[in-house]
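I opened a new notebook page for this structure.

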Amino acid sequence: MSAMKTILDKVLETIVAIILGLLVLNVSFQVLARYVFRLSTPWTEELAMFLMIWLSLLGACTAYRRQAHLGIDVLVVQFSARMQLKLNLLAHIFVIIFAVGILLAGGSILVYNTFVTHQFSAAMQVRMGYVYLALPISGFFLTVDAVQFMVESVQKIVLMNSPTGDRHV
């Protein structure tokens, strides 16, 4: 599992880096075209929006994997180490519920419906199902990471509760 997870993480980080690079190039071209060459390029605005959707969702997966996501821990730090581990476990369970229910299931339904109804974007004429694929794909990555973090949290809780376990985890 660890080797496969490492590969998935590298793939995700590479995709995020490529999308970020494309977004920078696209917006730079858009600014150059508009202000230097006085050209209207409506497709660049739409492409920037689509790239931003993918970057936001996949970037959130990368941040969650690195445990660098935004969190408010003002209340959590007031609890004991044992309770903090339990709250951490609960948070990962909520992430799994959200990722599976909303992103994977809901996103898959959205993708299916947009492909079935043949919805295309206005400027680029891209099938919107491709844009919305970011939802179930990010749901997959979040679920994999959340399950791993959940297992690690359970192991820490079990270790902390064992008579010979390290009580300072």
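These are my entries, in the order I made them.

**Entry 1: the kind of model**

I noted that this is a predicted model. I kept that in mind for each entry below.

**Entry 2: helix packing**

I began with the helices. Two packed helices are described by the angle between their axes and the distance between the axes.

I looked up α1 and α2 together. Their axes are 9 Å apart, and the packing angle is about 150 degrees. That angle makes α1 roughly antiparallel to α2, because angles over 145 degrees count that way. I also wrote down the handedness: α1 passes α2 in a left-handed crossing.

Next I took α3, residues 81–116, and α5, residues 134–161. Their axes come within 8 Å and cross at roughly 160 degrees. So α3 and α5 are roughly antiparallel to each other. Here, too, I found a left-handed crossing, with α3 passing α5.

**Entry 3: salt bridges**

How many salt bridges are there? I got a count of five.

I started from Asp 9. Asp 9 pairs with Arg 65, and the closest N and O atoms are 3.5 Å apart. Asp 9 sits in helix α1 and Arg 65 in helix α2, so this pair ties together parts that are 56 residues apart in sequence. Are Asp 9 and Arg 65 buried or exposed? Both are buried. For Arg 65 I noted the value: its relative accessibility is 18%. Arg 65 counts as buried because the cut-off is under 20%.

The side chains of Arg 65 and Glu 13 meet in a salt bridge, at 1.7 Å from N to O. Arg 65 is in helix α2 and Glu 13 in helix α1, so the pair joins parts 52 residues apart in sequence. Glu 13 is partly exposed, with a relative accessible area of 22%.

Arg 66 is exposed, at 53% relative accessible area.

Salt bridges link Lys 5, Asp 9, Glu 13, Arg 65, Arg 66 and Asp 145.

**Entry 4: positive phi**

I turned to the backbone. Most residues other than glycine have a negative phi. I looked for exceptions and wrote down two glutamines.

Gln 67 has a phi near 60 degrees, a positive value. Gln 67 is in the loop between α2 (42–65) and α3. Its relative accessible area is 39%, so Gln 67 is partly exposed.

Gln 125 is not a glycine either, yet its phi is positive, about 60 degrees. Where does Gln 125 lie? I found Gln 125 in the loop between α3 and α4 (128–132).

**Entry 5: a nonpolar surface patch**

Last, I checked the surface. Which residues form a nonpolar patch there? I listed Val 27, Val 31, Leu 32, Tyr 35, Val 36, Phe 37 and Leu 39. Together they have about 680 Å² of accessible area.

Tyr 35 lies in helix α1, residues 2–36. Its relative accessibility is 55%, so Tyr 35 counts as exposed.

Key: Residues are numbered from 1 along each chain as its sequence is written. This is a predicted model: local features need pLDDT of at least 70, side-chain atom pairs count only at pLDDT 80 or more; totals for chains, interfaces and linings use all residues. Side-chain values use heavy atoms; hydrogens and water are left out. Patches are made of residues with over 30% relative accessible area and no salt bridge: like charges are joined within 9 Å, nonpolar side chains (Val, Leu, Ile, Met, Phe, Trp, Tyr) within 5 Å. Accessible areas come from the Shrake-Rupley method with a 1.4 Å probe; for residues, only the protein chains shown count as cover. A salt bridge is a side-chain nitrogen of Lys or Arg within 4 Å of a carboxyl oxygen of Asp or Glu. Helices (H or I, at least four residues) and strands (E, at least two) are DSSP runs, numbered from the N terminus. Buried means under 20% relative accessible area, exposed over 50%, partly exposed in between (1.4 Å probe, protein chains only). Axes are lines fitted to C-alpha atoms, for helices over the stretch in contact, and angles run from 0 to 180 degrees between N-to-C directions. Angles under 35 degrees count as roughly parallel, over 145 as roughly antiparallel, 65 to 115 as roughly perpendicular and the rest as oblique. A crossing is left-handed if the near helix is turned anticlockwise from the far one by less than a right angle, and right-handed if clockwise.
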